[in-house]
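Please find below a short note for colleagues, arranged as numbered points.

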Amino acid sequence: MKTVSVIACFLIFSLSYAQKTDIYVKGGYAVSGYDVVAYFSHEVRKGDKNFNVPYDGAVFLFATEANAALFKANPKKYAPQYGGHCSYAMAIKGEKVSSNPEVYEIRDGKLHLFHRAEGLTNWKKEGPEKLRPKADANWAKLVKTP
């Protein structure tokens, strides 16, 4: 009986401290461990576990110490829109859909990620200026409030 009590306490403790974030996390890291600062130099680079920065309930990895420092100084500039979920799906479906870190666009200084190339193509074809307000409104309905 004592073992069951210990396990139950552990589970309750673990659940109360479970990661609570709206950021898309895969493999334990935001943006599947890709360096979000590197996108702004038109590079798609995996981050290094030695250069990690916790932000908004998730851990971001960076390819260099310099990129980690840039992110720390201004995380809102580099963090992906809609928590790194697919921007097109957020606009069209209003759902958190996983993203492929190799399918992205920097538009108006913001990082947008997409589930697949077709989503990025449709995003551009249908007009980001029309889709972004829809995605923003849908995201506002989905995010956790503190």
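**Note on the predicted model**

1. Strand E3 (residues 48-55) pairs with strand E4 (residues 58-62) in the antiparallel sense, over five bridges. Strands pair if DSSP finds at least two bridges between them; strands (E, at least two residues) and helices (H or I, at least four) are DSSP runs, numbered from the N terminus. Tyr55 has Ala58 in E4 as its bridge partner. The two strands form a hairpin with two residues between them, and Asp56 in the turn has a positive phi of about 55°.

2. This is a predicted model: local features need pLDDT of at least 70 and side-chain atom pairs count only at pLDDT 80 or more, while totals for chains, interfaces and linings use all residues. Residues are numbered from 1 along each chain as its sequence is written, and side-chain values use heavy atoms, with hydrogens and water left out.

3. Ser32 lies in the loop between strand E2 (29-30) and E3. Is Ser32 buried or exposed? Ser32 counts as buried because its relative accessibility is 14% (buried is under 20% relative accessible area, exposed over 50%, partly exposed in between; 1.4 Å probe, protein chains only). Leaving aside residues up to four places away in sequence, Ser32 touches Tyr24, Lys26, Lys46 and Pro101 (contact means heavy atoms within 4.5 Å).

4. In H5, Asn122, Trp123, Lys124 and Glu126 meet Pro128, Lys130, Leu131 and Arg132 of H6. By class, this contact of H5 with H6 has three nonpolar, one polar and four charged residues (nonpolar: Ala, Val, Leu, Ile, Met, Phe, Trp, Tyr, Cys and Pro; charged: Asp, Glu, Lys and Arg; polar: the others, Gly among them).
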